[in-house]
Amino acid sequence: MSSLERRVAGKRLKRIDGIGKVTGKHVYASDFALPGMLFGKILRSSEAHARIVRLDVSKAMALPGVRCVLTARDIPQVRFGTAIKDRPVFASDVVRFRGEAVAAVAATSLENAEAAVRAIEIDYKPLTA
């Protein structure tokens, strides 16, 4: 067995970020704000399998601080996935699982973004599994 075989395998590796994480001094993206920064929230499906009958974002767009609301109609239908690229960014006609992304909101504060997500009106027609 050469000396190269055991250089990493079976050895403890020093985590250069470990001290900052356990002491609370590590800075994460959610720990700071920059001028003009927007906050995002995602509206996720409450249904496991359903047809989207109506999706109205007009009330969300009218709220103060809301800069943008995106749905499947607003972006190219690019699909993604780990092994098979079969998932759309946003559900367009049918939601396939509870928690699937339906819309995204960008607002000037986290509170405004959360309020906008709650203001989005969506009606589902449940489908069989």
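Student: Which strand holds Arg44?
Tutor: This is a predicted model, where local features need pLDDT of at least 70, side-chain atom pairs count only at pLDDT 80 or more, and totals for chains, interfaces and linings use all residues. Residues are numbered from 1 along each chain as its sequence is written, and side-chain values use heavy atoms, leaving out hydrogens and water. Among the DSSP runs (strands E, at least two residues; helices H or I, at least four; numbered from the N terminus), residues 39–44 are the run holding Arg44, namely strand 1.

Student: Is Arg44 buried, partly exposed or exposed?
Tutor: The relative accessible area of Arg44 is 47%. Buried means under 20%, exposed over 50%, and partly exposed in between (1.4 Å probe, protein chains only). Arg44 is therefore partly exposed.

Student: What is the relative accessible area of Val95?
Tutor: Val95 is placed in strand 6, residues 94–95. Val95 counts as buried because its relative accessible area is 0%.

Student: How far apart are the C-alpha atoms of Val95 and Ser46?
Tutor: Along the chain, Val95 and Ser46 are 49 residues apart. Their C-alpha atoms are separated by 9.2 Å.

Student: How many residues apart in sequence are the parts tied together by Lys59 and Glu121?
Tutor: The two side chains meet in a salt bridge (Lys or Arg side-chain nitrogen within 4 Å of an Asp or Glu carboxyl oxygen), at 2.6 Å from N to O. Lys59 lies in helix 2 (residues 58–62) and Glu121 in strand 8 (residues 121–126), so the parts tied together are apart in sequence by 62 residues.
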